[in-house]
Amino acid sequence: MTDEFVILVDENDNPIGSEEKVKCHLPNGKLHRAFTALLFDQDGRLVLTRRAKEKMLWPKDWDGTFASHPRESETYVSSGERRMPEELGITGTLDYLHKFEYHVPYKDIGSENEICGTLVGVIDKSTELKEVEGEIDEIKWISSKELLSELNTNPQNYCPWMLIALELLEKSDQSMLEKYANILTTWMNSEVHEGLQKAIETHLPKEKWRLVNEKN
């Protein structure tokens with residue numbers, strides 16, 4: 001099996017090299033580029049996936065719909081659209097919303113040290129999603145209210161990057177907020193913000209994550 005490489009970046013998301021994926025996820029892992037994708041239905045329900053038990057980091061925890069790393073020749077969007085059938089068994093189109101930097105350890109095993117682009121897409125609620133072995137162990141749909149209820153009791157069961165991606169939704173490009181207004185509206189209110197912020201704090205302090213400024 002060939003080693004998978006990820007793109008190393010500086011704090012402004014400028015590529016500065018590449019490194020083996022495994023090395024970038026050790027406790028002192030280097031800052032690299034990643035994405036997280038959120039798929040919703042027309043009612044604003046989000047597809048969540050439980051990470052496979054075989055994963056090195058956050059095994060069996062709930063994630064956004066899927067997440068991975070762009071390759072050297074890819075954009076955030078093209079990498080997400082490539083990865084979608086590999087993780088969910090479906091094809092589709094995605095849009096870019098925003099990106100953020102975060103650094104969080106996982107026990108004494110490894111860490112995530114990433115600039116992560118957030119992608120969004122819409123699928124029909126009847127779409128048949130496939131649980132790809134070694135990637136996803138379970139799939140469920142969830143509303144913002146249902147997620148808040150679960151975060152109140154078990155915030156540790158949800159991956160920190162998906163919480164940050166949701167918390168920063170309102171920081172997305174204005175044209176995307178308008179395009180997806182009907183779908184994202186229930187995820188952008190003070191109650192949701194408060195619940196997400198509390199959940200994020202159980203994983204990492206505020207100074208360990210930030211929105212990456214697009215105007216540079």
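Predicted model: local features only at pLDDT ≥ 70, side-chain atom pairs only at ≥ 80, totals over all residues.
Residues are numbered from 1 along each chain as its sequence is written, and side-chain values use heavy atoms, with hydrogens and water left out.

Back to α2. The helix bends by about 25° at R82, the bend being the angle between axes fitted to the seven residues ending there and the seven starting there. A proline, P85, follows within four residues.

Which residues of α2 are buried? They are Y76, S79, G80, R82, R83, M84, E87 and L88. Buried here means under 20% relative accessible area, exposed over 50%, and partly exposed in between, with a 1.4 Å probe and protein chains only. These buried residues pack against β3 (32–40), β4 (46–51), β6 (66–68), β7 (95–106), β8 (110–122) and β9 (136–142), contact meaning heavy atoms within 4.5 Å. Just after α2, G89 takes a positive phi of about 75°.

Next, the record. UniProt, in an unreviewed entry, places the feature "domain: Nudix hydrolase" at residues 30–164. UniProt positions are in the numbering used here, feature names are shortened, and annotations may be inferred rather than shown by experiment. In the model, the end C-alpha atoms of residues 30–164 lie 20 Å apart, and the span is 21% helix and 39% strand.

Strand β1, residues 5–9, is largely enclosed by the rest of the structure, because 4 of its 5 residues are buried. β1 pairs with strand β2, residues 15–20, in the antiparallel sense over 5 bridges; pairing requires that DSSP finds at least two bridges. V9 stands opposite P15 in β2. The hairpin has 5 residues between the strands, and D13 takes a positive phi near 70°.

Last, cysteines. How many disulfides are there? The count comes to 0, a disulfide being a pair of cysteine sulfur atoms within 2.5 Å. The sulfur of C24 is 14 Å from the closest cysteine sulfur, in C116, too far for a bond. For C116, the closest is in C159, at 11 Å, also too far. C24 counts as buried at 0% relative accessibility, and C116 at 1%.

Notes:
Helix = DSSP H or I, 4+ residues; strand = E, 2+ residues; numbered from the N terminus.
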